[in-house]
Amino acid sequence: MSFIKEFREFAVRGNVVDMAVGVIIGGAFGKIVSSLVGDIVMPVLGILTGSVDFKDLKIVLAEAVGNTPAVTLNYGLFIQNVLDFIIIAFAIFMMVKGINKIKKPIEKASGPTQEQLLAEIRDLLKK
């Protein structure tokens with residue numbers, strides 16, 4: 001089997017295509033959630049914390065000298081990224097929960113249950 005033919009079979013395999021679609025949709029979903037956090041949640045938190053903009057929260061480790069920029073520890077951006085993650089995780093949880101609710105449980109085949117069969121065997125052994 002040639003290398004190109006083998007690669008083509010790999011690339012068009014269902015799992016690879018599904019994964020690619022998932023990555024693309026996940027990237028777009030990430031942008032939406034980042035906008036939600038950055039444009040809606042963080043300003044409200046800023047107002048509640050006394051008009052603090054989390055993006056500006058940082059600790060200066062070394063002051064700027066000449067053309068060298070200051071070295072800062074940007075913990076406000078870290079807080080924003082943690083909130084992004086929590087909201088994304090919650091949204092995915094709710095989506096999976098909704099999908100599981102929509103799915104109908106697999107109907108079991110009609111007939112006696114395992115407990116009923118064991119009870120019948122027990123009764124037969126008693127006789």
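Start by selecting Gly76, which sits in helix 3, a run spanning residues 75-102. Keep in mind that this is a predicted model.

**Stop 1: Gly76**

Is Gly76 buried or exposed? Gly76 counts as buried, because its relative accessibility is 0% and the cut-off for buried is under 20%. Now show what surrounds the residue. Setting aside neighbours within four places in sequence, Gly76 is in contact with Phe54 and Leu57. Gly76 and Ala64 are twelve residues apart in sequence. Draw the C-alpha to C-alpha distance between Gly76 and Ala64, and it comes to 20 Å.

**Stop 2: residues 77-96**

Stay with the stretch that follows. The unreviewed UniProt entry annotates residues 77-96 as "transmembrane region". In the model, residues 77-96 are 100% helix and 0% strand. The end C-alpha atoms of residues 77-96 lie 28 Å apart.

**Stop 3: residues 21-48**

Which other residues carry the "transmembrane region" annotation in the UniProt entry? Select residues 21-48, which the unreviewed entry also covers. Residues 21-48 are 100% helix and 0% strand as well. Between the end C-alpha atoms of residues 21-48 the distance is 39 Å.

**Stop 4: Ser35**

Next, pick Ser35 in helix 2, which runs over residues 14-48. Now select Asp84 together with Ser35. The two residues are 49 apart along the chain.

**Stop 5: Pro43**

Move along to Pro43, also found in helix 2. Pro43 has 38% relative accessibility, so it counts as partly exposed. Show the residues around Pro43. Not counting residues up to four places away in sequence, Pro43 touches Val37 and Gly38. Bring back Phe54, the residue that Gly76 contacts. Pro43 and Phe54 are eleven residues apart in sequence. Their C-alpha atoms are 8.6 Å apart in space.

**Stop 6: the whole chain**

Zoom out and colour by secondary structure. How many helices and strands does the protein chain have? There are four helices and two strands. Along the sequence they follow the pattern α-α-β-β-α-α.

Turn to the overall dimensions. Along the principal axes, the C-alpha atoms fill a box of roughly 95 × 55 × 25 Å. The radius of gyration of the protein chain is 28 Å. A compact globule of 127 residues would have a value near 14 Å.

The protein chain exposes about 11,000 Å², with carbon and sulfur atoms supplying 68% of it. Of the 127 residues, 9% count as buried, and Gly76 from the first stop counts as buried too.

Now look at contacts between residues at least 6 apart in sequence. Of these contacts in the protein chain, 38% join residues at least 24 apart.

Finish with the charges. Select the charged side chains: 14 are positive and 12 are negative. How far apart do the centres of the two sets lie? The centres are 9 Å apart.

Technical notes: Residues numbered from 1 in each chain as written. Predicted model: local features only at pLDDT ≥ 70, side-chain atom pairs only at ≥ 80, totals over all residues. Heavy atoms only, no water. Rg over C-alpha atoms; globule rule 2.2 N^0.38 Å. Buried < 20%, exposed > 50% of the residue type's maximum accessible area, 1.4 Å probe, protein only. Contact = heavy atoms within 4.5 Å. Areas by Shrake-Rupley, 256 points an atom, 1.4 Å probe, with all protein chains shown as cover. Lys, Arg positive; Asp, Glu negative; His and termini not counted. Charge placed at Lys NZ, Arg CZ, Asp CG, Glu CD. UniProt positions renumbered as here; feature names shortened; annotations may be inferred.
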